[in-house]
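Below is a short briefing for a reader who has not seen this structure before. Look over the sequence and the model, then read the points by topic.

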Amino acid sequence: RRLAETLGEAARAHHLSIATAESCTGGWIAKLLTDIPGSSAWFDCGMVVYSYEAKQALLGVNPHTLELHGAVSRETVVE
């Protein structure tokens, strides 16, 4: 909780917004962030994408990256 609060404070101080793209965490990070009162000032949106198709369509992950490295890989996260 404290880390989420610190992140939110930093986002607000620097006039940034936060968006998440989660898979294995099932939206848990977005939940932690939005549990903080006032988070609507700096939290924009969160997506939970499990399937290869969703990762491609919603996040723009290259199908080749998914085939080569899998859904839970550094390469997929970077894309």
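The model is a predicted one. It contains 5 helices and 2 strands, and buried residues account for 30% of its 79 residues.

**Overall build**

- Read from the N terminus, the elements of the protein follow the order α-β-α-β-α-α-α.
- Of the contacts between residues at least 6 apart in sequence, 45% link residues at least 24 apart.

**Surface**

- The protein has an accessible surface of about 5300 Å².
- Carbon and sulfur atoms contribute 60% of that accessible surface.

- Ser73 sits in the loop that runs between helix H4 (63–69) and helix H5 (74–78).
- Is Ser73 buried or exposed? Ser73 counts as buried because its relative accessibility is 10%, and the cut-off for buried is under 20%.
- The side chain of Ser73 comes to 3.1 Å from the backbone oxygen of Gly70.
- A polar contact of 3.0 Å joins the side chain of Ser73 to the side chain of Thr76.
- Taken together, the side chain of Ser73 reaches a backbone oxygen at Gly70 and a side chain at Thr76.

**Cysteines**

- How many disulfides does a search of the whole structure find? The search finds 0 disulfides.
- Cys24 takes part in no disulfide, and the nearest cysteine sulfur to it, that of Cys45, is 19 Å away.
- A disulfide is a covalent bond between the sulfur atoms of two cysteines.
- Cys24 is exposed, because its relative accessible area is 57% and the cut-off for exposed is over 50%.
- Cys45 is partly exposed, with a relative accessible area of 32%, so its value falls between the cut-offs for buried and exposed.

Terms used. Residues numbered from 1 in each chain as written. Predicted model: local features only at pLDDT ≥ 70, side-chain atom pairs only at ≥ 80, totals over all residues. Heavy atoms only, no water. Helix = DSSP H or I, 4+ residues; strand = E, 2+ residues; numbered from the N terminus. Buried < 20%, exposed > 50% of the residue type's maximum accessible area, 1.4 Å probe, protein only. Polar contact = N/O pair within 3.5 Å; in protein donor to acceptor, adjacent residues only side chain to side chain. Disulfide = S-S within 2.5 Å. Contact = heavy atoms within 4.5 Å. Areas by Shrake-Rupley, 256 points an atom, 1.4 Å probe, with all protein chains shown as cover.
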